Amino acid sequence: MWPWSRQTRLNKTSQQSDAQKPGPHIKAGAARLTHSLNDTQSVLRSISGVDTALLKQLISQTSALNQELNALTQELNPHTSLDQFTGDIEAVYQRLQSGVGQSPDIIIRRFLMGDKAKIPAVLTFVDGLTDTQMIDQDTIMLAQQYDHAFTRHHDPQTIHQVVHDLVTASGHVTTETSWNKLMVKLMGGNTILFLSGSSTALVIDTVKYRARSLTTPTTERSVLGPQEAFNEVVLTQMNLLRMRIKSPNLRFDSLTIGEMSHTTVIVAHIEGLTNPELVAAVKRKLSVAKMATLNIGQELTPLLASRYHSLFPQVRRTERPDVVARELTMGKVAILVDNTPFAMVVPNTLADFYQTLEDYTMSFWGASLERLVRFLGLILGLLLPPLYIALTSVNPELLPTKLVITIAGSRVGLPLPPVMEVLTMWAIIEILREASLRLPKELSNTLGTVGAIVVGTAIVKAGIVSPLMIVIITLTALGLFTSPNYEMATPWRVLFWFLIALSYLFGLFGIILGLLAILAHLASLENFGVPYLSPFGPYRWRDLKDTFVRFPESSLTKRPAYLQPLDVTQSSHWHVDPMPHPQLGQAQKEEQHG
Amino acid sequence: MGNRRRWWRITVVAVMTALLTWSLTGCWDDKSLDTRTLVLAMGFYPARQPGQIAVYFAIPTPAGLTSDSGSSSSGGASGPPIIILKGVGHSIGQAFSAAQASTNRDLYLGHTIFLLFSTKLSPKALRRLVNALDRIGTLDKTPFVAATSAPFASVMGTIPQEHFPPLYYEELFSCTTCQQLMLGVRFWEMSDRLWTPGVDLVLPLLRPTKQGPAVDEVALYRGTRYVMTLTPKETAAYAIAAGLSRKTSIFFPRLWDTNLDFVADKAHVATRIMHGRLQATLAIHATATLESIATPTETAAQVAAISQKAAALLADQAVSFVRLSQRHDVDALGFGRSLAWSAPAIFSRYRHWHQIYPHLNVSVRAAITINRLGDVR
């Protein structure tokens, strides 16, 4: 490795940071290294007849390294740690300039506090992540003008306290002494204020993210429900939940995951309702996350799923704050991840993935019908093509004669066997689906419609597949996507192939074997101690009222038993009707007579 | 070590499961529908060569299939909807092989819905045929069966109401409200009657006419021997006695011009030993609708009189059929079977039930319930 490469430099810096108390030999070593670097620079400048661009890059790198080392040697003191801020404002400035200050978005500002006291200070922040108005007006301007406090307090070690208490007008100000922690906070959008003589720096909350505005949900649409979805900012996500649950018991426990990304992860739960064991288990699982970066919340799924390799999703992701709020009030735990507009909810059962908030915005008749339609769609989508293959290839004797004649008539002259017919059509459907996902929205609609009509008609006319197959595949494609949760469509699409293979090999017997295997797998799944098939297995009548069908609200007074919440009762006054027959006419009469 | 053992166990379980699945299916000789020729009907006739039988197979043609389904991928085709293959042999297997030689696809009996037996078949040939058909695994035991004295081709001649004639017969016999007399017999019922002592076989007889097939007669068998064909009137009496009458109309011109419609009846046969003698009872209970009467309203006395008269008529019809069947020694109603069920020890004493049946003392009881409101079906 090139001895002055960036990697080497980082390694060296990291090693230096790790050492809490460097020995006196470090200063001498650093001086020798600086000398050596200067020699190298002069040698490199004298070289000719080589790639000048490369040379310029090498020179600039070594110059930057030189500056950084110079700043370090200035600050080095045998009695202090490199990670600790010493109060030497010039050294801080040099260190910032030669380090993070080389990045154009890092602003480093030197100024004097107080008109008379003139205390040197350095202020640094990330341009674009901070509210510059807060920095200009509430910090710098006040610090420059406010003199009274500085003249009364001379102790440099407590000057940060004076600024904190009397000068800065920002709402949230903390202190920090560790250089590494300060850098993390700086990158998070905070403004760092170093004061000469004080070994404690002030961290002023001036965070102002460029956040996407709140839009309507795109993956979980609702007709009558709220039309609001999360955005990428975790603070906004918390606000949206707080708007819906105004109880002080709503807790947001913060974690930071990602050694490089330092992503904020929030574990949301309701104290006094959610089982504390569940909350502790979620936190324990998240605490073992060791990853360099956490870009999207999905990366945490392996930690939260008890059987990660299972096809079936165990973590429900939703972009709807109303869904998260409802799940929280049921006794579940939500995980919010910064930069991810989808919240994750645990634990889940299979039935949870077939419920939407829309179900609760309509009468229980409509909701029950919709849920039954979803399950019917799933059964149709999953079983129609395998049944077609089994009944035409293996067990035709099980079909009614009239239907056999119809099928046989539609298959006259077809070159492909039923299984190849299904595979061909399904491949076309998958290609159309994938293409419509990638294309712009306007084009994808057109492609979907045109593709389905043109390809469907053409392929029948060409004599490759039968018209019956078009009907079957259309029903399948629609049926498999009736799940309100997008994630739940994937396992069925994969298992579809499994059942196709079984039906081709073993007919109806194979389909039944496959379904039994799927059922056995579902029965074996468990997420945070909650059986995946709850409340069907183990059977709980009370919770069945909100599964395949939705009973009236008056009968849904208890929270799901499988979640084992601390407070089981959800609503207890449904049976009380304080005014069953209001006497509207009486008030009218009194008004007329009075 | 533990890990290796675990993997070994998983492998063994997976291999065993796969082998068991493979060996248990029994699906390996199944073929796709595309490679099969559906045999919709079979006809059994005596061949010209003595001791041989001729088997006819009615199969739909591609033209018939495409025009029936109304949706073909290969475009329309013209031609007859069905063709008939013929095979002759000493056994049904030989005849089947002979017919198979004339087609390039597998003759598939899984969707055979109609079996036709010639009345000219010898008892021995019929017994062998039924026995063989009983043993064919792919053949469903639910096809309807019928007898005929006409050639197979004429019975299977195109019927205006249905593209495929076997489907016409299948629908006709399976529809309870589509026929006056419920004469349909399924193959398992035929087999049951042939092998059960104390009851004889009755098959509907198909008679092709210019207007289409006529199904108003039945063929009576004693054992596997064809005995006679009942006239339409005798067939109606048989249907009343057997509880198979559905859309019958009775007119009493001398009793207030009364018209009773839609008689549906149930019949119950019981044979027992009373005072040391065999005594058989045939109980008929019918329901009818009073369609019309000369008086504006009917009185209870009128309804009772009509009911009495109608019951007497039904009883007369039943008695006439019982006497006819006794005369020809054909126990079509199963008096012997009833005795075998109620008193098997006594029944087993009679070596030949057919020697007993003509002399059996049968009493017939009939009752009719008249609904005054219309119950048109």
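I began with chain B, where residues 24 or more positions apart account for 66% of the contacts with a separation of 6 or more (contact: heavy atoms within 4.5 Å).

I noted the conventions: this is a predicted model, in which local features need pLDDT of at least 70 and side-chain atom pairs pLDDT 80 or more, while totals for chains, interfaces and linings use all residues. Residues are numbered from 1 along each chain as written, chains are lettered from A and ligands numbered from 1 in the order written, and side-chain values use heavy atoms, without hydrogens and water.

I looked up the secondary structure of chain B and found twelve helices and 15 strands (DSSP runs, H or I of at least four residues and E of at least two, numbered from the N terminus). Of the 377 residues in chain B, 49% are buried (under 20% relative accessible area, 1.4 Å probe, protein chains only).

I then turned to the second largest pocket, with a volume of about 1600 Å³ (the space filled by probe spheres set on the grid points, which are joined across faces, edges and corners). A pocket is an open set of points on a 1 Å grid over the protein atoms alone, where a 1.4 Å probe fits, with protein on both sides within 12 Å along at least five of seven lines; lining residues have an atom within 4 Å of a point.

Which residues lie nearest the centre of the second largest pocket? I recorded R433(A), S436(A), L437(A), F481(A) and Y486(A), out of 39 lining residues. Helix 16 of chain A gives the most to this lining, with eight residues.

Note on methods: Buried < 20%, exposed > 50% of the residue type's maximum accessible area, 1.4 Å probe, protein only.
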